[in-house]
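Me: Please take a close look at the aromatic rings here. I would like to know how they pair up, and then what surrounds them in the fold.

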Amino acid sequence: MRGSFNRKLIFVIISFTCVFCYFTFFYGLLEQEDYAQKLQVKQIKDLHNKMDKVSKNLKENQSFLNKLHRHFEVVIAKEAKILQNLTTPTAIKPQKLPSRVTIPVLVLVYNRPSVSRCLDLLLKYKKTVNADFPIVVSQDGNHQETTNVIQTYGQQISHFKHPDEPVNLPSKQRHMMGYYKISSHYKWAISQVFQHFSSAETLIIVEDDLEISPDFFSYFFALYDLFMKDQSLYCVSAWNDNGKQGLIDESGNNILYRSDFFPGLGWMLKKSTWMEWKEKWPSAYWDDWVREPSQRKERACIRPEISRTKTFGKIGVSNGQFYEKHLKHIILNSVVVDWADVDLSYLNKVKYDKEFLKKVYKSPLISLQSLQTQTFPPSSTLRLEYIDTSSFVNCAKILGVMEDFKAGVARTAYHGVVTVIHHSRRIYIAPKQPWSGYNPR
């Protein structure tokens, strides 16, 4: 009996233990699974939080990028507008002359087929001014290739041919034949144009080796009224003899000056002045003759800070005199100036002379040596003084301006004063006061 009871007790204990172990193991599995689920939920929640943060950052970055994009769009649009204003001649508001006014443009040609460079620009840019600027090409000689080029323009131009008249010169002067032919051609062509366009009171003279700026016609038209009314002027020129880089204010695209020196190279002439000159026109060296006191009669020209013409004619009758050292370095204006909006009343002689001379002689006087050795504030205005031709040439050599005189007048001079830029400072090379005037000898 006892043995049987013990066996039953052992069985019960073992069974209870097994059941306990089973339930303990099963509960452990449940706890482990529940922990894993909670961990997984936490990880998913953390992942969602991180994704929300990334999404927020992306939105903020996208907003920044959108703002940056809009900023650059505005900048690019502004730059494009500026570039268009700098390079597009149509930016000039059309200017209208009274219908009775005609200003012929006379292009003098000899043996340059490259005259097409000049004619193409004249035809292109004259459209920017709503006025009558008929283009007349006057050809000297019988250079067939040049003739062929001119004829391709058809009715866009008028083509005149200068009769090839023989010039008899002594053998010692025959090397100057070109100068005689040019002078003869000028006289004939100017006379023909004023006769053909009888209502014209002025004409613009251009040679076959000139390029012009986009505001060339606007420039001459803006000065037309002043030129016709002011009897102290005998020409308007597109040229600055000292218009090289470093010698000009390259931001001064609308700055103009009065000058006692005749520049030529794209200039406007009055019919009344031509009537003075026609019968006594020289047989050679017409430009030097125009500069003589008996022709100039103390009259002046208007000239720009930055040239509206540029010559590409290295080879010519003068054999490239000054070309390599000066002419090829002249800066051609590229900024379109709306001359219709520029007040030019300051060019009136009385007003101009008073303000100009006051500005010159109020500028600090310095020596040539101090200019070379001392430092002066940028954009300052200074004055160098000369007492004779020799001392002027010394200044000119240091500054890099043209040194020669014609009929006693230095290139670009007005009241003896030559105005240039040197290391961003305006320099007046001025005669010592009191000044007795030009010495043509």
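Reply: Let's begin with a charge: Lys270 lies over the face of Phe227, 4.8 Å from the ring centre. Arg117 does likewise over Phe312, at 3.8 Å from the ring centre. (The criterion is NZ of Lys or CZ of Arg within 6 Å of the ring centre and within 35 degrees of the ring normal.) Please keep in mind that this is a predicted model, where local features need pLDDT of at least 70 and side-chain atom pairs 80 or more, while totals for chains, interfaces and linings use all residues. Residues are numbered from 1 along each chain as its sequence is written, and side-chain values use heavy atoms, without hydrogens and water.

Now to the rings themselves. Rings of Phe, Tyr and Trp (its six-membered ring) pair when their centres lie within 6.5 Å; planes under 30 degrees apart are stacked, over 60 edge-to-face, and the rest tilted. The count comes to 24 aromatic pairs. One of them, Trp267 with Trp286, is stacked, at 5.8 Å centre to centre and 15° between the planes. Trp267 belongs to strand β8 (residues 267–270) and Trp286 to helix α7 (residues 286–290), so this pair ties together parts 19 residues apart in sequence. (Helices, H or I of at least four residues, and strands, E of at least two, are DSSP runs numbered from the N terminus.) Trp267 is buried at 2% relative accessibility, and Trp286 is buried too, at 7%. Here buried means under 20% relative accessible area, exposed over 50%, and partly exposed in between, with a 1.4 Å probe and protein chains only.

Trp435 and Tyr438 make an edge-to-face pair, because their centres are 4.8 Å apart and their planes stand at 85°. Trp435 is partly exposed at 28%, as is Tyr438 at 22%.

(Two strands pair if DSSP finds at least two bridges between them.) β7 pairs with strand β9 (residues 300–304) in the antiparallel sense over four bridges, and Leu256 has Pro304 in β9 as its bridge partner.

A nonpolar core is a set of buried Ala, Val, Leu, Ile, Met, Phe, Trp, Tyr and Cys residues joined through side-chain atoms within 4.5 Å. The largest has 51 residues, and those touching the most other members are Val105, Val107, Leu122, Ile204, Phe216, Phe217 and Tyr219. Helix α5 (residues 216–229) gives the largest share of this core, eight residues. Apart from that core lies another of 25 residues, with Trp277 among them, as are Leu106, Ala189 and Ala200. Beyond its neighbours within four places in sequence, Val105 contacts Leu122, Phe133, Pro134, Ile135, Val136, Ile204, Val206 and Phe217, contact meaning heavy atoms within 4.5 Å. For the chain overall, 43% of the 441 residues count as buried.
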